[in-house]
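Reader: I have a structure to look at and would like to understand the words used for it. Could you take me through them?

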Amino acid sequence: MRIHIHNRFSLYENRFFQAELEDLGHEVSIVPGGPDLAHETRAQRFRGWAALLASAWKKSGQSLSAQPRPSVVFVNTHLEAIVLALRRRLVRGPRPSAALVSFIVGQPKGGLSGWFRRAYYSRVLKSVDLAVCHTREELERYRGWYPTHADRLQFQPFGYAVDPHPRAQPVSYTHLTLPTTPYV
């Protein structure tokens, strides 16, 4: 199985992560690069989103033009998931599955803005094959908010998640099982 992981760190910063991934027995490639999303002003945030979209476009193109094409592409943000979904529609042949590593949604509000938020994140869930929640509380909350896409939501604890769990269960769908060894 070929896996591509999109993240914002350079190849040099990913060297230890890449070495660990190679021991898993799958062909794993890290597609590096992207903006730092720590912003203080709205203008900086807007420029950061524009840079993130440009980076997502570039990285999705790299993954979709790779030969042979990956089986699964992991992305970090909802914007990257949407861009990958759009670009996946444009390719011929087998399309890779998409996995959103961190599905985090704020409390939906009422009114028109709340409706748009729910519609947008419902679209994000529709565009991926797997969305990872890092606490069981989030998982149950999001399954209630987005019941039509509840099957795409899975729990996988993250390093700094505050969820007391005795042992993580492997996240799996069709042909992919994520290793839980680092989380025990």
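Predicted model: local features only at pLDDT ≥ 70, side-chain atom pairs only at ≥ 80, totals over all residues.

Reader: Happy to. How many helices and strands are in the protein?

Author: The protein has five helices and eight strands. Along the sequence they come in the pattern β-α-β-α-β-α-β-α-β-α-β-β-β. Of its 184 residues, 42% count as buried. The accessible surface is about 10900 Å², and carbon and sulfur atoms hold 57% of that.

Reader: What share of the contacts join residues at least 24 apart?

Author: That share is 62%, taken among contacts between residues at least 6 apart in sequence.

Reader: Let me pick helix 2. How do you know that the span of helix 2 agrees with its number of residues?

Author: Helix 2 covers residues 42-65, which is 24 residues, and at 1.5 Å a residue it should span 34 Å. The C-alpha atoms at its ends are 34 Å apart, so the two values agree.

Reader: Which residues of helix 2 are buried, and what do they pack against?

Author: The buried ones are Gly48, Leu52, Ser55, Ala56, Lys59, Ser60, Gly61, Ser63 and Leu64. They pack against strand 1 (2-6), strand 2 (27-31), strand 3 (72-75) and helix 3.

Reader: Leu64 is on that list. How far is Pro94 from Leu64 in space?

Author: Their C-alpha atoms are 9.8 Å apart, while in sequence the two are 30 residues apart. Pro94 itself is in the loop between helix 3 (78-88) and strand 4 (97-100).

Reader: Now the charged residues. How many salt bridges does the structure hold?

Author: The structure holds four salt bridges. One of them joins Arg2 and Glu27.

Reader: What makes Arg2 and Glu27 a salt bridge?

Author: The rule asks for a side-chain nitrogen of Lys or Arg within 4 Å of a carboxyl oxygen of Asp or Glu. The closest N and O atoms of Arg2 and Glu27 are 2.4 Å apart, so the pair meets the rule. The pair links distant parts of the chain, with Arg2 in strand 1 and Glu27 in strand 2, 25 residues apart.

Reader: Where do Arg141 and Glu137 lie?

Author: Both are in helix 5 (residues 136-145), four residues apart, about one turn of the helix. Arg141 is partly exposed at 28%, and Glu137 is exposed at 56%.

Reader: What about the aromatic rings: how many aromatic pairs are there?

Author: The count comes to six aromatic pairs.

Reader: Why is the pair of Trp115 and Phe116 called edge-to-face?

Author: Ring centres must lie within 6.5 Å for a pair, and planes over 60 degrees apart count as edge-to-face. Here the centres are 5.1 Å apart and the planes are at 75°, so the pair is edge-to-face. Tyr120 and Tyr121 get that label too, because their centres are 5.1 Å apart and their planes are at 80°.

Reader: Last one: what makes the charged end of Arg87 sit over the ring of Trp57?

Author: The distance part of the rule asks for CZ of Arg within 6 Å of the ring centre. The charged end of Arg87 is 4.0 Å from the centre of the Trp57 ring and sits over that ring.

How values were computed: Residues numbered from 1 in each chain as written. Heavy atoms only, no water. Phe/Tyr/Trp six-rings, centres within 6.5 Å; stacked < 30°, edge-to-face > 60°. Lys NZ or Arg CZ within 6 Å of the ring centre and 35° of its normal. Helix = DSSP H or I, 4+ residues; strand = E, 2+ residues; numbered from the N terminus. Buried < 20%, exposed > 50% of the residue type's maximum accessible area, 1.4 Å probe, protein only. Contact = heavy atoms within 4.5 Å. Areas by Shrake-Rupley, 256 points an atom, 1.4 Å probe, with all protein chains shown as cover. Expected span 1.5 Å × (residues − 1).
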